[in-house]
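Student: I am new to this structure. Could you take me through one part of it closely, and then show me what surrounds that part?

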Amino acid sequence: MSCAGLICRQILPDEDEWLTGRSARLCDGFRRPDIAMKKIVLPLTLVLTGILQGCTTGPQWFGHRDKTSCHEPGSDAWWAEKAMLPPGVRQQYKKGKIWPPQPRSNQEPQQFSHTYYAEHYWPLPYVCQDRDAVRSMMETQVALGWQEETTLYNRHFHEETQQLTRAGELHLEYILHVVPVDRRAVYIQSTYDTALDAMRTDAVNSVMSGIGGNVGSVSVCVRECQQVGRPAAEVQQINERYTTTTPSPRIGSASGGGGGGGGAGGGASGGN
């Protein structure tokens, strides 16, 4: 054996002995699983504790203070307060830019359990709020439309006596008999004079009592508004003038039309 081989034999353990020792240690580990379990139980326990810390309700296992809340972390009041935080990413300032550029909340992020809840049930409950907002806007438009439809304007009253004209009486009958019950109300355009408004209200109540029927539950009130549309007499006058001033139709004969066209063509060629 050479000198190098002798030195290696003295420094390094025998190959068979090294393999035998390593196999023994492995077999010992398989025979005693408690040794392997001790190595993974503590890290696994810490990981599970950290995860459950954001999902459990009640006092925290490891006490800490939440500077953004006045409640004890982990209490019901604390969870109720954290549940009000909006979902989504937070806007942050990094390297001279706002990330993301769209407006975002700059409050503290949600708890893990709340983030999971928001992502699992998205787009609820926000889609319900959007639907309610659209329905509320449409209901407002419909209510204002019916208010315009059930208003007695200045054209429905005589200027001197403030009594209803025939057109006003017909419109009042339409309100009391045709308009749906849930939209049935009588509005009177205000004259900005308390005495005149009272006269108009008395006139409407008098006509309503003469019409009969179940009109006692119909409310009558004065509203400040502008007149919409034109009086019926004005519209009728416009239509009558349009009809009386319509010219009589003038249709030329076929021969006359042809001669005229030929003369026009000759004049054009003569000019050339």
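Tutor: What follows is a close look at one helix, H8, its neighbours, and a few other sites in the chain.

Start with the setting. The model is predicted. The chain holds 10 helices and five strands. Of its 272 residues, 19% are buried. Take the contacts with a separation of 6 or more: residues 24 or more positions apart account for 50% of them.

Now find H8. Helix H8 runs over residues 194-211, which is 18 residues. From first C-alpha to last, H8 reaches 26 Å, close to the 26 Å expected at 1.5 Å a residue. Look at its start. Asp193 caps the N-terminal end of H8. A side-chain oxygen of Asp193 lies 3.1 Å from the backbone nitrogen of Ala195. Then look past the other end. Gly212 follows H8, and its phi is positive, near 80 degrees.

Which residues of H8 are buried? They are Asp197, Arg200, Thr201, Ala203, Val204 and Met208. Seen down the axis of H8, these buried residues fall within an arc of 160 degrees, so they line one face of the helix. An α-helix has 3.6 residues a turn, so residues three or four places apart point the same way. Turn to the other side of H8. There Asp202, Ser209 and Gly210 are exposed.

What do the buried residues of H8 pack against? Their partners are strand E3 (151-152), helix H7 (166-177), strand E4 (186-189) and strand E5 (220-223).

Take H7 next. Helix H7 has 12 residues. It reaches 17 Å from first C-alpha to last, close to the 16 Å expected at 1.5 Å a residue. In H7, the buried residues are Gly168, His171, Leu172, Ile175 and Leu176. They cover an arc of only 135 degrees around the axis, which puts them on the same side of H7. Arg166 and His177 are exposed, on the face of H7 turned away from its buried side. The cover over the buried residues of H7 includes helix H6 (126-149), E3, E4 and H8.

Now look at the core. The largest nonpolar core has 13 residues. Leu152, Leu172, Val186, Val204 and Met208 have the most contacts inside it. H7, E4 and H8 each supply at least two residues of this core. The largest share, three residues, comes from H7.

Leave out residues up to four places away in sequence. Val186 then touches Thr150, Leu152, Leu172, Ile175, Val204, Met208, Val218, Ser219, Val220 and Cys221. Val204 and Met208 in that list are buried residues of H8. Leu172 and Ile175 are buried residues of H7.

Next, a lysine elsewhere in the chain. Lys82 lies in helix H4 (residues 76-82). Is Lys82 buried or exposed? Its relative accessible area is 1%, so Lys82 is buried. Lys82 touches Asp66, Thr68, Ser69, Glu108, Gln111 and His114.

Finish with the aromatic rings. The count comes to three aromatic pairs. In one of them, Tyr117 and Tyr121 are tilted, with centres 4.9 Å apart and 50 degrees between the planes. Both tyrosines sit in helix H5 (residues 112-121). They are four residues apart there, so about one helical turn separates them. Tyr117 is exposed, with a relative accessible area of 54%. Tyr121 is partly exposed, at 40%. The rings of Trp122 and Tyr126 have their centres 5.4 Å apart and their planes at 45 degrees, so this pair is tilted. Trp122 is exposed, with a relative accessible area of 54%. Tyr126 counts as partly exposed, at 31%.

Go back to H8 to close. One face of H8 is lined by its buried residues. Those residues pack against E3, H7, E4 and E5. On the other side, Asp202, Ser209 and Gly210 are exposed.

Conventions:
Residues are numbered from 1 along each chain as its sequence is written. This is a predicted model: local features need pLDDT of at least 70, side-chain atom pairs count only at pLDDT 80 or more; totals for chains, interfaces and linings use all residues. Side-chain values use heavy atoms; hydrogens and water are left out. The expected span of a helix is 1.5 Å times one less than its number of residues. Buried means under 20% relative accessible area, exposed over 50%, partly exposed in between (1.4 Å probe, protein chains only). The arc is that of the directions from the helix axis to the C-beta atoms. Contact means heavy atoms within 4.5 Å. A polar contact is a pair of N or O atoms within 3.5 Å; within protein, one must be able to donate a hydrogen and the other to accept it, and residues adjacent in sequence count only if both atoms are side-chain atoms. A nonpolar core is a set of buried Ala, Val, Leu, Ile, Met, Phe, Trp, Tyr and Cys residues joined through side-chain atoms within 4.5 Å. Rings of Phe, Tyr and Trp (its six-membered ring) pair if their centres lie within 6.5 Å; planes under 30 degrees apart count as stacked, over 60 as edge-to-face and the rest as tilted.
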